[in-house]
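Let's walk through this structure together, one chain at a time. Keep the sequence and the 3D view open as you read.

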Amino acid sequence: MGTTASQLGKDLLSEYQELTFLTKQEILLAHKRFTELLSKEDKALPNPRIPMQSILTLPELKSNPFRKRICHVFSTSDMKDGSLTFEDFLDLLSAFSDSATLEIKSHYAFRIFDFDDDGTLDVGDLEKLVNCLTGETDDTRLTPDEMRQLINNILEESDIDKDGTVNLSEFQHVISRSPDFVSSFKIVL
Amino acid sequence: MTKCGVSVLTTGDEDEVSSCYEEHEWGKNRVKGREKEREKKKRGNARKKGASRAGRGDEELEERAERGEKGRRRRKRDNHDGKGRERDEEEQAEEKSGRAQEERDTEEGDAKRKKKNESAKREEKKEDGGKRAVKEKANAVKTKKHKKKSSEEEDVEEEEEEEKEKELRPESLSPEELEKLKEAVDEKKKLIQTLRGKPWPMKKKLSTLRESQEFLEKYEGALGKGKGRRLYAYKVMMTKKWMKFQRDFENFKTACIPWEMKIKEIESHFGSSVASYFIFLRWMYGINMILFGLTFGLVMVPEALMGRPYGSMPRKTVPRADEASAMDFAVLWDFGGYAQYSVLFYGYYNNQRAIGWLKFRMPLSYFLVGVGTVAYSYMVVIRTMARNANESGGGDDNSFNFSWKMFTSWDYLIGNPETADNKFASITTSFKEAILEEQESRKDDNIHLTRFLRVLANFLVMCCLAGSGYLIYFVVRRSQKFALDGLDNHSWWERNEVNMVMSLLGMFCPMLFDVISTLENYHPRIALQWQLGRIFALFLGNLYTFIIALMDEINLKRKEEEIVKFNMTVWEASLYNGTVPENSTAPPVTIHPADVPRGPCWETMVGQEFVRLIISDTMTTYITLLIGDFLRAVLVRFLNYCWCWDLEAGFPSYSEFDVSGNVLGLIFNQGMIWMGAFYAPCLPALNVLRLHVSMYLQCWAVMCCNVPQERVFKASGSNNFYMAMLLVILFLSTLPAIYTIVTIPPSFDCGPFSGKSRMFDVIQETLESDFPAWFSKVFSYASNPGLVLPFLLLMVLAIYYLQSTSKSFKEANVELKKKLQMARKAMTQAAEQQSNNNASPQAQKGEARSFLWWSEIGSSGIHGKKKKKKETFRALCKDLNVLL
């Protein structure tokens, strides 16, 4: 405990506390887990990145169908390879933490669901989303007919301005009324 | 993007970067000619800027031109906003998509930009004397305030402007400017507080935080003059300290929550619904801790420390007849013998009004703790219910059925592949079901058969319930007969028949119900509700039969008591006559308290019954856990190697964790505690112990031998359902307890209220002897029916009023929802119209939309609080601005 604290630095730690929804213990734990994932040569670097592959080995993300999207959304890497620095990692945990607000949660949920990064959820995004939710195996997949019906229904409900896509404010409008979202949009180390 | 990178490198000016964003955005909207024009202009500007790096002389001119440019741009954009709403939307979308890259760019240029920016500013100031910059800045701020602050980009601009404000010298400012500075400081503070809620990458947040803090440190102290300044600085320091303390305290608090890690582990394996049981268990544990603290601290400990010691009087001594077996384990296990004559039960307490050197009012304390236990429980349950209802307020409308299924059905906590597979399957089925339901209201193939089967199922269930009720009644009556015969003549089974039968019924009847419910062919969720309702009825029926039987027993004991009382007088008379016939004033000191005949003390009997019930219930729970879950898991696991079919996938398989059944068990257990706690003060302590053990045991059992549920239900919907059940149980269990307290006179020779005609007389007694005369007078006036009745009437009226207002709110809510739907329809029409002719749909569409948002403001305002309303209002205004 003492060593991790000294590694992080007191000022930085308090700044992180100020900027995230995490408590001190959680940040320290996150740091511990993060350094465990780092390879030896990376540790010497000033601001090491963990490649997406090793992030995905975390048990908390292992069985999440959106794990790759999550990495891409929170990554600040220029290569768009989904690698995370410690700060990105903290951002991730903060957004998924217990005390994060609905606003920030829905914002990131939107970006996670926006598979092609174009700022709206269009039919393609929704299809991908359904496929993620129903799993990879064929017996749980929906038939094309069902898929079309489902997506039509969704658009009918949440596409308020009828432009064929769901944009962020529409998405937040829908999400903010859901009773389950805040309690299920959580990842805890 | 590359262009932007270049321009950042060459000019490094903040303005340039922001314009570069726009460039990027507009670049995407390539159709519009005007944008191109602007692009050109900007590029020209950039070039100019580059040139100005060579000759710094025209720096100021440049700066002003820059500003003019910016203003123009802003105006232009406003224009543009007015013209094409649709385009604006697109822009917004683009903005969002491009944001990630933009932000990255910002970071890259950040350090460099800042330095350059500052150096440029310094030069500007040298030339300008600072004063003008101030004015300009003020103007800039003002214009900015008129502008809408919606998109990210503007946030960036805001920052940039605030950064410039840093250059102001506080000493040279007029009061107005000071005021402005103060505003800026406050804004910064607000920014710091809201920073964590901004979806920015950490680097940006960090730099913003540092800048703002630097700014605050620089100017905070400068605000205020002379004395005020010092005070202000002191205040600032104290707020800082206070914030830090609060944060530390928050950390401390979260560290203090017990079993957090355990629950998180379970959460990650089984999803939030199983975890919700454990959270409920922990909550229950907390309540019981407090109840335990009350009874232990105010009743048991004072009596043990300050009351008369064991053996000093008949009620505190084991009777001579039982002395030989009083220490036997079997007797103690039944809470007889020494356990019966201890602080654990009602009968041990003395009716001495004040005990010890503290003059502790024992009987009063006993009574008040009993009342307080119930009152506290009511308060906690209702408060929690209200909070839950607030949190999920308005979550019951079905207008976003599909979207919620789509966007919120994944439980991100799931970290176990098996659970994930189950979740996939359940999501798929829920999708399919929803589609089916949408396509057609399911046609029933044979409605008569289903109806018949459902009636049959209900009939069977009723039979089960009646049967179990009769069985319990029968067993309790039989046990009374056994008790009259004396317990020693009977086997262990006969002595513990009642509890065992109740526990066994509680164990097997739900399984029976489960089998019966397959007849009904309901939707799983409805089936679960029926199942829960039936189990609830079963438990309740059992409990009430038990209580009725107990009432019979109480009456029997009271008759016995009459006889004993009569015998006592005879015995006392004979004692006096026999030992000292002539001198009747001399006290008969030689009688040992164990030899004194005594009444049956029905209160202790009731307490004992409840304690035994709890113990046997706990035992059966643990044993079913060990056998039903653990042993089964072990057998399935190891016999699978040498069995003819696959045990793990086939028939026995591993057991699932039954959330609802466990919650029900917990609730009923708590009901028994509430019922019996008055007569057995040890019950909360026992329950704390039980809950503590079951926390560990069940956590372990879940992790090692259960598989995730196949039907995964949401945790949130059922929370208040359980709470409502708990409230019902609380009410039903306090009912008999209060009935006995109010109607039945206490035993004459045991307990804190012995010698009184009713237990609540203790209040009267205290009022008379411990309070001044006027107080009891006031009290008697206040308890006069002439005052109480109007008061009750007033309360009823208040309730009626509140209910009718809430009803009208609800109606208004429904009305607004209707309007919302109408607005939506109007919008659809508008959209259709737009597809028909692209000329003038905007006005209509905008109307519909504004109408929609406004009605939403109304609907959210109704069940929200004022503050919430304000917030939504603000947010909606923002949305409105963006959209229109």
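Let's begin with chain A, which holds 13 helices and four strands. Bear in mind that this is a predicted model. Of the 189 residues in chain A, 60% are buried.

Now turn to chain B. An unreviewed UniProt entry places the feature "transmembrane region" at residues 283-306, 363-382, 455-476, 497-519, 531-551, 721-742 and 778-802 of this chain. We can check two of these spans against the model. Residues 283-306 of chain B are 100% helix and 0% strand, and their end C-alpha atoms lie 33 Å apart. For residues 455-476 of chain B, the end C-alpha atoms are 32 Å apart, and this span too is 100% helix with 0% strand.

Next, find helix α22 (residues 602-639) and helix α23 (residues 659-676) of chain B. How do α22(B) and α23(B) pack? Their axes are 10 Å apart and meet at an angle of about 165°. Since angles over 145 degrees count as roughly antiparallel, α22(B) and α23(B) are therefore roughly antiparallel to each other. Their crossing is left-handed.

Zoom in on the residues where these helices touch. From α22(B) come B:Phe610, B:Leu613, B:Ile614 and B:Asp617, which meet B:Asn669, B:Met672, B:Ile673, B:Met675 and B:Gly676 in α23(B). Sorted by class, this contact has six nonpolar, two polar and one charged residues.

Conventions: Residues numbered from 1 in each chain as written. Chains lettered and ligands numbered in written order. Predicted model: local features only at pLDDT ≥ 70, side-chain atom pairs only at ≥ 80, totals over all residues. Heavy atoms only, no water. UniProt positions renumbered as here; feature names shortened; annotations may be inferred. Helix = DSSP H or I, 4+ residues; strand = E, 2+ residues; numbered from the N terminus. Axes fitted to C-alpha atoms, helices over the stretch in contact; angles between N-to-C directions. Parallel < 35°, antiparallel > 145°, perpendicular 65-115°, else oblique. Left-handed = near helix turned anticlockwise from the far one by under 90°. Contact = heavy atoms within 4.5 Å. Nonpolar A, V, L, I, M, F, W, Y, C, P; charged D, E, K, R; others polar. Buried < 20%, exposed > 50% of the residue type's maximum accessible area, 1.4 Å probe, protein only.
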